[in-house]
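Reader: I'd like to learn how to read a structure feature by feature. Could you walk me through one?

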Amino acid sequence: MRLFVVSNRVAVSTGQSAPGGMTVGIEGALRAHGGVWVGWSGKASTDGSVSSRCVAHGNVDYVTLDLPPEKFQGYYAGFANQVLWPLCHGRRDLVAYSSGDFESYLHVNGLFADELVRRLGPDDLIWIHDYHLVPLARALRARGVGSRIGFFLHTPFADPDDLFDLPVHGAIAESLEAYDLLGFQTRGDLESFRTFISRSRASRRLGSVHLTSPPRADVFPIGIETAEFESTARAAQIVDTRLSAIFDRLGSGIAAIISADRLDYSKAIPEKFRAFGAFLELHPEYEERVCLVQVAPIGRSEIPAYALEAARTRSAYRDLRAAHQRAELPVAELLTESVDRPSLAAAFRRSRVGLVTPFRDGMNLVAKEYVAAQDADDPGVLVLSSFTGAAEELSGGALLVDPREALSVVRALRQALEMGIEERRARWSKMISVICRNDAAAWAGNFIESLRGRREAPHLRSTSIAPSRDAPRARLDFRAVRTAQSSWEVQAVSDRARHLVVGRAAPGDGARTAFVTNNAGVNEFLLRVRSAGYTTELLGPNGPVKL
Ligand code: GDG
């Protein structure tokens, strides 16, 4: 079996560079199985057709396609980024639908499918990424591909009402239903997906269309390469000259507040500048003691809403600087070009606060990277929008805010800047344990295992129960595997079927609960499980048994 990953862009890796979050998870999975990564090259083809090239690194082939420019516009800048992206981020006001763009979107997905069909073998597994490629499984099925096909949505799932307003909502629903497994960042996204599909099915049933059962779907919150990012942050110098010029001027008495977002209206950068201005007006004692550093690389500038957002961002930045003129250190710095990754990691580590305040975000890897970059002895504080997927995982440690309410950001900034070392450490510990447990490799591994039809993910924790003289047959291997965002399956496998133990655990507030079913050897097992830190409940045939 080979793994085929398909995404709009491909990060062709030479193994030398330090790629970003999603890339690492995907590359790890590709290297583990051997595979192929297919995506757009970033270039237009010259004669209106598709040309592809393949570069091999180790056991991974990177296939990039040049796409015909007249179709690419409608696919990328049209339906993907002026219909699906705004819909998925609650901005139906920015939707610019045209049937021509949708045709181009389907056409380009068909071109991807043609390329894949040329390369696929019968046992290969296909993992498709993100909103650009929703129709790809359907296009593959139409070409006779019977392989397992999974889809992961990096953005939030759109509000079902908004999706239903699209003239092509039926085609979108049928495209989603062509997958064997769909993965989402949060429970809320999964629920929205289910609502959309069940309403769509109900409307299609009215037309007496025969329906099969809905596709499998689950929550797979994306992780980062935590250990690698931590060591980069610890070891790296800020070599980016623009960033180092800023940090060199920050004396020990001045704290940096850092943000890094693509310049996108979903990231609410102008609103962040305004909230920061409000913070300084309400707390003038911080006037000379903090500096907001915003890294915001510009992209998608061919789309009017992005050009407008860049202008709004620059204007809010100018207003902030004009209202808070300082002799030595500017109140804020805005870098609209990309910074190298080690410099960014090192800057995260040197910043007292990570300020991550999008209006809406599928996950937000910057939040996780900021946490991973911190010094365990003296960690900074994460201020995080409640409307990010990351908030679901990091709520135990981050200060959650509503980016539409400047005052909630103001309060959190003050709390962050005044927080003592003990509380900072306690909050950071909660976040880092989540980020370590669900890193990029675990994310990709969980998805792929699930797509292959095996519910158990790679072992994330395990303990072994040795045989004893009293119960020689009670040798049980006990393991906890993560099956979804907040659910663990506790399994114990014995040398005899009657010792099989299966249960569920919800990590919740840290209390771990194992439910076990067993008969012979159960006391030994329970003792061991408890001493491994689990509380236990014995399940009989009719439910829990009192111990
Ligand atoms: C989409 C979803 C979801 C940013 N500036 C620079 C730079 N970055 C890196 C960050 C981070 C990545 O880009 C951005 O990831 P995010 O998750 O924050 O946001 P999106 O780009 O919108 O990503 C999002 C993600 O997919 C994964 O599923 O979390 O919700 O929208 O890694 O560090 N990297 C460098 N220079 C920069 O200037 N090197």
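**Reading the model**

Author: Let's begin with burial: His154 is buried, with a relative accessible area of 13%, and the cut-off for that label is under 20%. Keep in mind that this is a predicted model. His154 sits in the loop between strand E6 (149-152) and helix H5 (160-164).

Reader: Which side chain does His154 join in a polar contact?

Author: That of His129, and the contact is 2.9 Å. His154 also turns up at the ligand: of the 20 residues around the ligand, the nearest are His154, Val339, Asp361, Leu365 and Glu369.

Reader: OK, the ligand then. Which residues place an N or O atom by one of its oxygen atoms?

Author: Look for N and O pairs, and keep side chain and backbone apart. From the side chain, Asp361 has an N or O atom 2.4 Å from an oxygen atom of the ligand. As for cover, the ligand has 730 Å² of accessible area on its own, and the protein covers 86% of that.

Reader: Where does the largest share of the shell come from?

Author: From H13, with three residues. Helix H12 (341-349) and helix H13 (365-373) each supply at least two residues of the shell. Sorted by class, the shell holds nine nonpolar, five polar and six charged residues.

Reader: Let's do helices. How many residues of H10 are buried?

Author: Here's the general idea first: an α-helix has 3.6 residues a turn, so residues three or four places apart point the same way. In H10, 11 of the 14 residues are buried, so this helix is largely enclosed by the rest of the structure. Among the buried ones are Ile269, Phe273, Phe276 and Leu280, and also Glu271 and Lys272. The cover over the buried residues of H10 includes strand E9 (255-260), strand E10 (290-295), helix H11 (304-323) and helix H15 (406-418).

Reader: Which residue other than glycine has a phi near 55°?

Author: Ala268, and that phi is a positive value. Ala268 lies in the loop between E9 and H10 and, at 0% relative accessibility, counts as buried. Asn364 is another case: not a glycine, yet with a positive phi of about 90°. Asn364 is in the loop between E12 and H13, and its 5% relative accessibility makes it buried too.

Reader: What does the side chain of Asn109 reach?

Author: The backbone oxygen of Tyr105, at 2.9 Å. Asn109 lies in helix H3 and is buried, with a relative accessible area of 1%. Setting aside residues up to four places away in sequence, Asn109 touches several others, including Tyr75, His132, Leu133 and Pro135.

Definitions and conventions:
Residues numbered from 1 in each chain as written. Predicted model: local features only at pLDDT ≥ 70, side-chain atom pairs only at ≥ 80, totals over all residues. Heavy atoms only, no water. Buried < 20%, exposed > 50% of the residue type's maximum accessible area, 1.4 Å probe, protein only. Helix = DSSP H or I, 4+ residues; strand = E, 2+ residues; numbered from the N terminus. Contact = heavy atoms within 4.5 Å. Near = heavy atom within 4 Å. Polar contact = N/O pair within 3.5 Å; in protein donor to acceptor, adjacent residues only side chain to side chain. Areas by Shrake-Rupley, 256 points an atom, 1.4 Å probe, with all protein chains shown as cover. Nonpolar A, V, L, I, M, F, W, Y, C, P; charged D, E, K, R; others polar.
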